[in-house]
Amino acid sequence: MQALRGQYTPIDDATVDLWREHGWWAGQSIRSMLSATAARHPDRVALIGQRPDQPRVVRTYAEFDANAHHAANVLAALGVGPGDVVVVMLPNCVEYPEIVFGIHEIGALYVGVPVAYGEMQLAAIVRRSRPKVMAVTRRWRNTENLEIARRVMDSSDSLQHLVVLDDDGSGLRADESLWSDHGGVSAHSLAEPDPLELCYLGFTSGTTGEPKGAMHNHETILYAVRAQALHVGGGQAFGEPMIQLVASPLGHHTGYAWGILFTVSLAGTAVHVDRWEPAWGVEIIREEGVTTFFGAPTFLQDMMRTDLATGTANTLRLLVIAGAPVPRALPATASAALDAYVSPAWGMTECSILTSCTPLASDEIIATDGSPFDGSKVKIVDGRGQAVGPGEVGDLIMSGPGVTLGYFDSRAATNEAYVDRVWFRTGDRAGVDERG
């Protein structure tokens, strides 16, 4: 497969042609998705920023699109070009998705780092991804993030500039600048990115060693985004328009794929909160008329301890719960209490979401992690790699248009992860029943 700037993938051209033939890879760039949405709905609210004791921030799609273009020009002025890496380590805020779409406009690679990560985790990601620029906040709660970023940059042979999202420009070094100081940046001529090119490195947690960067291009990410909506019967299932509470960190894959990209794909509104506090979160749900939520089961368990679960009317329509094991009684209990469809799902940084429950299936499905998206497959195998029968537990392997193309700068890790060229070892154990 071409267009990966020297990176190795076992996915061959014949497989890509098949995905294109079925429309699973649609030839669209991530940046063009925002431009198209802004052209259709320029005055619709796209982004809302909510922080305790601070003014509410609102961006329309026209403003979002313009600010993303400005972000691309800022980064280009700092020397970022196609194929370069930009790291973003910020709390959830309206500027975050604007910077992400700016990165994609250039044809650079986005790398997110959760703002709560420590120096060791950040250093490992910077060492692996070799970014040219990093966007960072001066501090986060009690952590001096700028100081951490400086130490990481001083030990890096690639990182050249820190852009600081802060109001205080005091004490900045020559290789640092405030984001707000780039208001008069010149426009640059930027070519439309090739959807086959790498655009995102999603770093694993590194629980079994140094984090690995799962490689995605525009096609793998947008396939998952489109497939999730189709799987539940269409975008209207999430609200018309969808209003999503984004509490998962944007620096994590969940926040990026579902908080940022999924919202734009449905021309919805993303309500970004920089922390999760259940009582305050419920206030935001009611105040903003939130219809949708993506997050780990702990978020839903927290909601169930609030008055959202006491029969009080709320606007929630559909909640997708993934990222950790789902207590099997929780979805049915929560669906009844919240009067909303709770959809357990399964995914990982290497595939976004690949299986999900759907209201188009029987009610029994919500006691599972759902069924695979159209175009994707899962298989359960034993220790010898042989498929096991329905209901038997074994090793979960997967394939499909949304699965990672491999690991960045690691042909060995990629070959270790793939079986028979297109099947990816997830490392999870699972069973598939006779209904799939």
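Visitor: Is Tyr110 buried or exposed?
Guide: Welcome! This is a predicted model, in which local features need pLDDT of at least 70, side-chain atom pairs count only at pLDDT 80 or more, and totals for chains, interfaces and linings use all residues. Residues are numbered from 1 along each chain as its sequence is written, and side-chain values use heavy atoms, with hydrogens and water left out. Buried means under 20% relative accessible area, exposed over 50%, and partly exposed in between, using a 1.4 Å probe and protein chains only. Tyr110 has 0% relative accessibility, so Tyr110 counts as buried.

Visitor: What kind of aromatic pair do Tyr110 and Tyr256 form?
Guide: A pair of aromatic rings is described by the distance of the centres and the angle of the planes. Rings of Phe, Tyr and Trp (its six-membered ring) pair if their centres lie within 6.5 Å; planes under 30 degrees apart count as stacked, over 60 as edge-to-face and the rest as tilted. By this rule there are 17 aromatic pairs. For Tyr110 and Tyr256 the centres are 4.9 Å apart and the planes stand at 40°, so this pair is tilted.

Visitor: How many residues apart are Tyr110 and Tyr256?
Guide: Helices (H or I, at least four residues) and strands (E, at least two) are DSSP runs, numbered from the N terminus. Tyr110 sits in strand β4 (residues 109-112) and Tyr256 in helix α8 (residues 253-265). The pair links distant parts of the chain, and the separation is 146 residues.

Visitor: Which strand holds Tyr200, another partner of Tyr256?
Guide: Tyr200 and Tyr256 also make a tilted pair, at 4.4 Å centre to centre with 35° between the planes. This pair ties together parts that are 56 residues apart in sequence, because Tyr256 lies in helix α8 and Tyr200 in strand β8 (residues 198-203). Both Tyr200 and Tyr256 are buried. The strand you asked for is β8.

Visitor: Which residues do ring pairs link into a cluster with Tyr256?
Guide: Tyr256 is buried, with a relative accessible area of 0%. Ring pairs join Tyr256 into a cluster with Tyr96, Tyr110 and Tyr200.

Visitor: How many of the 13 residues of α8 are buried?
Guide: The buried residues of α8 include His253, Trp258, Phe262 and Val264. This helix is largely enclosed by the rest of the structure, because its buried residues number 11 of the 13.

Visitor: What is Val74 in contact with, leaving aside its neighbours within four places in sequence?
Guide: Val74 is found in helix α3 (residues 61-77) and has 0% relative accessibility, so Val74 counts as buried. Contact means heavy atoms within 4.5 Å. With those neighbours left aside, Val74 is in contact with Trp179, His182 and Val185.

Visitor: Where does Thr414 lie?
Guide: Thr414 is buried, with a relative accessible area of 1%. Leaving aside neighbours within four places in sequence, its contacts include Tyr8 and Pro10. Thr414 belongs to residues 411-417, the run that makes up helix α12.

Visitor: What radius of gyration does the protein have?
Guide: The protein contains 12 helices and 20 strands, and 57% of its 436 residues count as buried. The radius of gyration is taken over C-alpha atoms, and the globule rule is 2.2 Å times the number of residues to the power 0.38. For 436 residues a compact globule would come near 22 Å, which agrees with the value for the protein, 21 Å.
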